[in-house]
Amino acid sequence: MTERELTVADYMAMLRRRWVLIVVLGVVGGPIAYGVSRFLPDRYKSETLVLVERPSVPEKIVESLDTEDLSQRLSSMEQQILSRSRLEPIINQFDLYSNDIHKVPMEDLVARLQKAIDVTPVRPMAETQSRGLPGFYVNVTLENARTAQQVCTAVTSMFIEENLRSRQRHSEDTTQFLVSQLAEAKANLDEQDAKLAAFKGRYLGRLPDQEQMNMNLLGNMTSQLDAATQSLARAQQDKSFTEAILAQQVAAWQASQAGRSPETLEQQLAASQTQLAALQSRYTDDYPDVIKVKHDIATLKKQIATSDAQKANTDTSKTQKSTLEPREIAQLRATLHNLDQVIEEKAREQEQIKQAIKVYEDRVQSSPAVEQQFKELTRGYQTALDSYNGLLRKRDESAMAAELERKQEGEQFRVLDPANLPDKPSFPNRPLYAAGGLGGGLALGLAIAFLLEMKDSSLKTERDVEFELRLPVLAMIPQIETTPAGKAMKNEELVLARVGAGSGESGRA
């Protein structure tokens, strides 16, 4: 049988032959397993459900600083809470493992309690999966139901406190870090501001935003320079003309003082008329010099008209000859003095305008280089300002988030189902043990039966005979219902007959 292929009929035949063994082992296995479970110590499982509550203030208003995934944070908290420093006080507080506390090292007791505590995340539903982990279960399995409940409550409280403390510490540390960074950013901003202010003070009037103003002022200065130049030239011309008139007037006056003929007045009149014609060709009648020459001409005409009366009193005039110049000459000299002042003022104004034009030309020429330096300083200042404003905004947001956590209005763990007091042990499950013993007994019976069949070398079927003797079946005798003993005897006779037939044919061959 170990060498030929077994069929379903072979297996069924094995079951028919060994069913008693299989049934006995299956029936015995259940009670044995149940009995074994009675000797195992009872363990009670206390369970609590903790839900994760969303912040009371929407995240759009106050964004949470804790961006770590809740599953990772829960795993981190589990490692901290299940550490020896946290579990050893619980062992001492609730007098756990009192029989072994002086026999077994504390590390082994802590490891035993760690295995008794199980933290299982709640599987999120499809619609809440994007919001993260909805909650978690805390299970504690111990030999005493009341102790399991108390330890479960203590561990759950440790999770809630650790979550609150961790979030507050994280928000406060973030705020302190941002405050220090903000101080550095403000110092950098003040430094950049001082550099920019010093640069503006050094290059006042040459800054990029003043370039157009400089161009406009340069144009205005050029126009003023042209006007000043024209005014200076006109004043110089007026001075030359006035000097010529003054020379004529002085000559005429000196001639009259020396006793010359009245024809000198005629000559002065002709010269004044010539001067008037020249002035009228250049200026209007309202021009001061034109008005003055006209007045001089009228005066000369009066002098010529009264020249005869003056000759009659020549003796008296000679004795009372005046040494003072006529009013017309004094006016000409005053006009000439004013023209000198005007020329000096216009020359000074012209020089000032030239100096100003040179300054503005230098500013315009140096504007590209100043603009390049100004851009570099402005870029550094703007970067520092953006960094400062960004840190200031983050600092304010962090402060609000820290205040939110301090008031316990952020994300929190809330106990939905408090730790229950188990009324029956969760281990061992004796019905399950009995069912397992039944299944194990049946499996053991099947294994033993199969092993016995594999070791059995007897021939039980026609296929066994054909496979063993390698001979075909010559004839088949129908089955005759007899007693069990007769059936066995007939089977043996049938086998012997086939063996004999096979031997005879072998001899003939």
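The secondary structure of the protein comprises 14 helices and four strands, where helices (H or I, at least four residues) and strands (E, at least two) are DSSP runs numbered from the N terminus. The model is a predicted one, in which local features need pLDDT of at least 70 and side-chain atom pairs count only at pLDDT 80 or more, whereas totals for chains, interfaces and linings use all residues. Residues are numbered from 1 along each chain as its sequence is written, and side-chain values use heavy atoms, with hydrogens and water left out.

The four strands form an open sheet in the order β2-β3-β1-β4, with antiparallel pairing, two strands being taken as paired if DSSP finds at least two bridges between them. Because β2 (117-121) and β4 (412-417) stand at the edges with a single partner strand each, one side of each is left without a neighbour in the sheet. From one strand to the next the twist averages 25 degrees, with axes fitted as lines to C-alpha atoms (for helices over the stretch in contact) and angles running from 0 to 180 degrees between N-to-C directions. Eight bridges join strand β1 (residues 44-53) to strand β3 (residues 135-142) in the antiparallel sense, and S46 stands opposite V140 in β3.

Helix α5 (residues 145-202) lies across β1, β2, β3 and β4 and runs at about 145 degrees to β3. Of the contacts in the protein with a separation of 6 or more, 79% are accounted for by residues 24 or more positions apart, contact meaning heavy atoms within 4.5 Å. Of the 509 residues, 31% count as buried, that is, under 20% relative accessible area (1.4 Å probe, protein chains only).

Terms used
Buried < 20%, exposed > 50% of the residue type's maximum accessible area, 1.4 Å probe, protein only.
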